[in-house]
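Here is a short report on one protein chain. Look at the sequence and the fold before reading on.

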Amino acid sequence: MSLEKILSIGGRPGLFKLLTQTRTGFVAESLLDGKRVTVGMTNNVSVLSEIAIFTLKEELPLKAVFKKIQEKEKGGPTSIGHKEDKLKLEEYFFEVVPDYDEERVYPSDIKKVIQWYNLLHKNGITDFEADEKEDGAEEE
């Protein structure tokens, strides 16, 4: 499954898989507990494939960050949890993305990236390279 079908919904914990669109919004399924929710157009929704991390040179797509974490962890979950203290989170993220912009990437952002990576890993969504190849193929 590509990150284009994975959503972050403001005010709701975890990530969601897009199931279907409705007249007034869409139906999504939580990756945390499998419950389905109806989301209206007024909710703040982000598609993971559209999120990027600021670096000193450019914006790095989230899937590229996930790929770097995956390489660092040899395909497993992260070695630290998202509830670690600020310093440990920043040290870990610096190992993954050494040129991230410390002024614009907050500890709360790092927590989300680690939490989301582990949630995707737990749900078997780990093929971040396939997403990069699919991007070019889907634009017709």
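In which strand is Glu29 found? Glu29 sits in strand β3, residues 25-30. Strands (E, at least two residues) and helices (H or I, at least four) are DSSP runs, numbered from the N terminus.

This is a predicted model, in which local features need pLDDT of at least 70, side-chain atom pairs count only at pLDDT 80 or more, and totals for chains, interfaces and linings use all residues. Residues are numbered from 1 along each chain as its sequence is written, and side-chain values use heavy atoms, with hydrogens and water left out.

**The chain as a whole**

The chain has seven strands and four helices. Their order from the N terminus is β-β-β-β-β-β-β-α-α-α-α. The radius of gyration is 15 Å, close to the 14 Å that the globule rule gives for 140 residues, so the chain is as compact as a globular protein of that length. That radius is taken over C-alpha atoms, and the globule rule is 2.2 Å times the number of residues to the power 0.38. Along the principal axes, the C-alpha atoms fill a box of roughly 45 × 35 × 30 Å.

Of the 140 residues, 39% are buried. Buried means under 20% relative accessible area, exposed means over 50%, and partly exposed lies in between (1.4 Å probe, protein chains only). The chain exposes about 8,500 Å², and carbon and sulfur atoms supply 47% of this area. Accessible areas come from the Shrake-Rupley method with a 1.4 Å probe; for residues, only the protein chains shown count as cover.

Contact means heavy atoms within 4.5 Å. Among contacts with a separation of 6 or more, 53% join residues 24 or more positions apart.

**Charges and salt bridges**

The chain carries 20 positive and 27 negative side chains, and the centres of the two sets lie 7 Å apart. Lys and Arg count as positive, Asp and Glu as negative; His and the chain ends are not counted. Each charge is placed at NZ of Lys, CZ of Arg, CG of Asp or CD of Glu.

Side chains of opposite charge can pair when their charged atoms come close. A salt bridge is a side-chain nitrogen of Lys or Arg within 4 Å of a carboxyl oxygen of Asp or Glu. By this rule there are seven salt bridges.

| Pair | Distance, N to O |
|---|---|
| Glu29 and Arg36 | 3.7 Å |
| Lys72 and Glu95 | 2.7 Å |
| Glu90 and Lys86 | 3.7 Å |

Glu90 and Lys86 are four residues apart in helix α2, separated by about one helical turn. Salt bridges that share partners join Lys17, Glu29 and Arg36 into one network.

Are Glu29 and Arg36 buried or exposed? Glu29 is buried, at 18% relative accessible area, whereas Arg36 is exposed, at 61%. Glu29 also touches several residues beyond four places away in sequence, including Leu15, Phe16, Leu19 and Gly34.

Lys72 and Glu95 form another salt bridge. Lys72 lies in helix α1 (residues 62-72) and Glu95 in helix α2 (residues 86-96), so the pair ties together parts that are 23 residues apart in sequence. Lys72 is partly exposed at 31%, and Glu95 is exposed at 53%.

**Helix α1**

Eight of the eleven residues of α1 are buried, so this helix is largely enclosed by the rest of the structure. Among them are Leu62, Val65, Phe66 and Ile69. Just after α1, Lys74 takes a positive phi of about 55°.
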